[in-house]
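Please look at the sequence and the model first.

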Amino acid sequence: MVLTSVGKMAGLQKKASGIRNICILAHVDHGKTTLADCLISSNGIISSRLAGKLRYLDSREDEQIRGITMKSSAISLHFVKGDQEYLINLIDSPGHVDFSSEVSTAVRLCDGCIIVVDAVEGVCPQTQAVLRQAWLENIRPVLVINKIDRLIVELKLTPQEAYLHLKNILEQINAVTGTLFTSKVLEERAEKETESETLSDTSPGDQIYDWSTGLEDTDDSHLYFSPEHGNVVFASAIDGWGFGIEHFAKLYSQKIGIKPAVLLKTLWGDYYLNTKAKKIMKGDQSKGKKPLFVQLVLDNIWSLYEAVMKRDKEKIEKIVTSLGLRIGARESRHADPKVHLNAICSQWLPISDAVLSMVCNKIPSPLDITAERVEKLMCVGARTFDSLPPETQELKSAFMKCSSEGTAPVIVFVSKMFPVDAKALPQNKPRPLTQEELAHRRELAKRRHAEKLAASQGKEQSEKTPSENSPEVTGNTGDTKGEEQQLPGEGDSVTSKAVKQEADNKEYFIAFARVFSGMVKRGQKIFVLGPKYDPAESLHKLSSQSSATDDLPAVPHMTCCTLENLYLLMGRELEDLEEVPAGNVLGIGGLQDFVLKSATLSTSPACPPFTPLNFEATPIVRVAVEPKHPSDMPQLVRGMKLLNQADPCVQVLIQETGEHVLVTAGEVHLQRCLDDLKERFAKVQISVSAPIIPFRETITRPPKVDMVNEEIGKQQKVAVIHQTKEDQNKIPEGIQVDSDGLVTMNTPNKQATLSVRAMPLPEEVTRLLEENSDLIRTMEQLNTSLNEEKKTHEINQKTLDRIKEFKQKLEKSLQGRKWRNAVDQIWSFGPRKCGPNILLHNFGGYKRSVWQCLGNSVKEVGKYRDFDNSIVSGFQLATLSGPMCEEPLMGVCFSVEKWEISKAGDTLSNSRQDSGELDATEHQQNEDNTPASSCTAEGPSANEHQDRNQSGTDSPEKMSKPKGELPLADCYGPFSGQLIATMKEACRYALQAKPQRLMAAMYTCEIMATAEVLGRVYAVLSKREGRVLQEEMKEGTDVFIIKAVLPVAESFGFADEIRKRTSGLASPQLVFSHWEIISSDPFWVPTTEEEYLHFGEKADSENQARKYMNAVRKRKGLYVEEKIVEHAEKQRTLSRNK
């Protein structure tokens, strides 16, 4: 097919009904990029012979070397079906789990997706993940079952077996879709139930709850993949063929004389053809007949493959003539039968026609966007669509119309920023020369050639007659002068070249975006709305009619910018555009100073920012980077900023130690980021630290049995001197510790006494707190605004219901005598006021709690009011860095049992009230100034170090505030500062009074391996402290799926080791899953006779928890207790020690 011009593409963009925005999603190595190649070759952009070998959309060098896609890239294709023309904006996305953030950026811009599944491997972990992402974004999926040639050539299945295998794969995929659908229906139904309950006051005993009712009424037939619906294509992208069953239905309706509509329904399923009666009958298996699909479709493909592979010339000729194809002599004589096969199949069943016609039929155009999807995009966080301002709600109709008229508001979503070399920009490309320019250059070349000839002839003459050379010499000097005069000009060109080269080296960022409404024009001024922008607040300051060209007052999280360039994305190429209508995917130049990773652009200030992208993978792998030469530091910092902008998932932070840290999603992702940093963004040599592994600290209940499984307390204790010594040294003077772990401490000026106890939280409570960290943060914001008596924006009823539900769940989980009234006594969560630890106030005379936003707010009076924030701050600092290795705490509850302020303290608080210096409120503001964004629920790798830096720098400031007017600001600094320090220390000692444990981050690991390498996989797992959860055999194959958990600390080099040990037959997928307590005690030493017998006096067998703890302490520069000489009794001779 011929190449389509840019003008033609721009024309097609104006017709929204003919646009299809699609992305290709699949597990790694299932054939996405090869399929994309086949579709691109149908437009003549690449040769059809190179489709599958070229991998056109993998434009990075490391993508070509590794053979996997690492970034999503887009291309626009033109497709003609009958008399209708379509514009297909195709986005190819990665399948590797490390790059799943790229999938999120692609899915947001599309209306539909092609799910590709390998016919041999079937549904894999990442297939389920991408189906879930497509489901969450409300986009329509269609299915391509790829690599069917492997069933013929590798597995050597018969057509009948292959049919059963394909049927099985379809069932597996539909099962995944079914579970997603069921959970959604039940969720909606539960919401309706709660609404109806609030309206009608029927007693709960009258209703019998039936789980299935909601499911029976809802129609879900359109969701599932089925060949008769036309949303499944069977294909082999590498051999260039693919078909939907409608192709064969048309073909056979003429031959057999059965209507195509009947054939469509019966070609897939248990139907067979009764040849005598020329009827299609049901029940092929019971009668032992071949199903129609096998008889009419698969048999033909199998016989073609057999003929070509065996080089049966007569049969091949017969097939080719019966199909009416023309095969060139080059292909038919080729040594590789695959080339011949490709030539036949790509003409008989071209894959591009099958896939693109399915896309045009089944995937909605931008005009058909559902109201549900629009509302979901417009509502950020806990807000409902009804709670948005009326001007914002009116924009919904603009989304639905998707019109490109001048009056329609422009709404664009930027899903990511991607870097482009300056050379690749259309304005910097070398353009073809015109005829005049060519003639001029030819003339110049001729003149230069003539001059050279003349000069060489002159030299020859001067050599022959040296006596007659005086005129020649002068001529020659004139020449050299001329050359000398020319040099300055050349110098100018050199400098201009250097400037040009510098501009070439500069990275340009292009925004990967989609227009949802209105017409985007080059040079247009537009608002850039950040993720925290609130239209309700800004509409007070601006009118909804104001535009970006007006002179406007400053509004938080909103800036104005100009769209400098608009580009049509064509894979590796970019084409300039003047304007882009609604419904199209495009590239926008000139936004790098305004947009970091993603943003919403609009001409209307009433437009809300879109819901943030939901990333499947959490960034967890951290490394510290520094330049080899310290003078390169500025380049590295600049390079890291660029990298942060270029990658949707990476995080860049500076720790309190001054290290520059890179947080990535996995090993492959880390490698790619480091390569980019070295070669592209920073262009300097860098040295990289060993991965920084995050841990958490916690406490457990005292164990019942010791290390040799003997019941504690029953056996003979041996006098262990060093154990008791250690215990005495732990706690300094002036601190009392009870037998049950209650720690009592005084402030340095003896004005206040605190008693704190630490308790482990039940596991389900910790999980609940982790899942609801966003909700806890919302509660904190609401409470702060209530305390400061601000006019808060109306508290959303839905949010209140969620808070109530959260409180009920907590009450349900925290039951028993020791947790009585605990939920009502919750004072704060930590660290950063939204973490998985709890602070309780368990002393009389204090009422404030975190549940103020539910309406039971109590104005605190008396001696505690001014200083309660100091106690909370002390708790926040204590939970941010624990005593074992300064890592955050998790799953710990601190209960303040006693807080006494002496008379002097009272007068202090009164004097402070009089002087109007409420340090507490000041302190509260300081606390809230730590950015809330850094507390995002990004799993284990939230920016804890950055925040620790902030909290750490905050506290000394607070302590050293000069309070000259106060009568009792003593030599220890302000009283609030002393309380913070005392509370922090008390929490740490309370923690040390209980059995401490480390928590390690865990990956879930899914490995697909064949039976012969199973043993080696187990060997690698056990060596790295992995634990196998289940293994199951995939039906119809010899492949086992092993699910295991593996500590992140042991995972580096795991994938490579497994591939080496299994000769590439097994490859793991690692996804961060949860935190798990390491069962061994890091401070354990043998104390009983049995333990001495078992472990020896030194007990120097490796203690995993201690090893991890010491590694972290060493990295942070903390004191590590270890022997410098391990084996002093061994003789070390000089020659050995060289």
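## Helices 17 and 18

A371, V374, E375 and M378 of helix 17 are in contact with T392, L395, K396, F399 and M400 of helix 18, where contact means heavy atoms within 4.5 Å. Helices (H or I, at least four residues) and strands (E, at least two) are DSSP runs, numbered from the N terminus. By class, the contact of helix 17 with helix 18 has six nonpolar, one polar and two charged residues. For these classes, Ala, Val, Leu, Ile, Met, Phe, Trp, Tyr, Cys and Pro count as nonpolar, Asp, Glu, Lys and Arg as charged, and the others, Gly among them, as polar.

Axes are lines fitted to C-alpha atoms, for helices over the stretch in contact, and angles run from 0 to 180 degrees between N-to-C directions. Angles under 35 degrees count as roughly parallel, over 145 as roughly antiparallel, 65 to 115 as roughly perpendicular and the rest as oblique. The crossing of helix 17 and helix 18 is right-handed; a crossing is left-handed if the near helix is turned anticlockwise from the far one by less than a right angle, and right-handed if clockwise.

## Basis of the model

The model is predicted: local features need pLDDT of at least 70, side-chain atom pairs count only at pLDDT 80 or more, and totals for chains, interfaces and linings use all residues. Residues are numbered from 1 along each chain as its sequence is written, and side-chain values use heavy atoms, with hydrogens and water left out.

## Helices 4 and 5

The axes of helix 4 (residues 100-108) and helix 5 (residues 125-136) come within 10 Å, crossing at roughly 30°. That angle makes helix 4 roughly parallel to helix 5. The crossing of helix 4 and helix 5 is right-handed.

On the helix 4 side the contact is made by S100, V103, S104 and V107, and on the helix 5 side by Q126, V130, Q133 and A134. By class, the contact of helix 4 with helix 5 has four nonpolar, four polar and no charged residues.

Strands of a sheet pair through backbone hydrogen bonds, either parallel or antiparallel. Two strands count as paired if DSSP finds at least two bridges between them. Four strands form an open sheet in the order 21-22-20-23, with antiparallel pairing. Strand 21 (651-654) and strand 23 (686-688) are the edge strands, and each pairs on one side only. From one strand to the next, the twist averages 30°.

Strand 20 (residues 621-627) pairs with strand 23 in the antiparallel sense over three bridges, and P627 stands opposite I686 in strand 23. Helix 22 (residues 633-646) packs on the sheet and touches strand 20, strand 21, strand 22 (660-664) and strand 23; the direction of helix 22 makes about 25° with that of strand 22. Helix 23 (residues 667-681) also packs on the sheet, touching strand 20, strand 22 and strand 23, and its direction makes about 135° with that of strand 22. In the loop between helix 23 and strand 23 lies K683, a residue other than glycine with a positive phi, near 55°.

Six strands make an open sheet in the order 25-26-27-30-29-28, with mixed pairing. The edge strands, each pairing on one side only, are strand 25 (736-737) and strand 28. Strand 29 and strand 30 (residues 892-901) run parallel and are joined by four bridges; I838 stands opposite C893 in strand 30. Helix 28 (residues 868-880) packs on the sheet, touching strand 27 (752-760), strand 28, strand 29 and strand 30, and its direction makes about 35° with that of strand 28.

The loop between strand 28 (826-830) and strand 29 (837-841) contains P831. A cis peptide bond joins G830 to P831, with omega about -5°.

## A hairpin and a salt bridge

Strand 8 (residues 271-274) and strand 9 (residues 279-282) pair in the antiparallel sense over four bridges. L273 stands opposite I280 in strand 9. This hairpin has four residues between the strands, and K278 takes a positive phi near 50°.

The structure holds 38 salt bridges, each a side-chain nitrogen of Lys or Arg within 4 Å of a carboxyl oxygen of Asp or Glu. One of them joins the side chains of K8 and E85 (2.8 Å, N to O). K8 lies in helix 1 (residues 6-13) and E85 in strand 3 (residues 84-92), so the pair ties together parts that are 77 residues apart in sequence.
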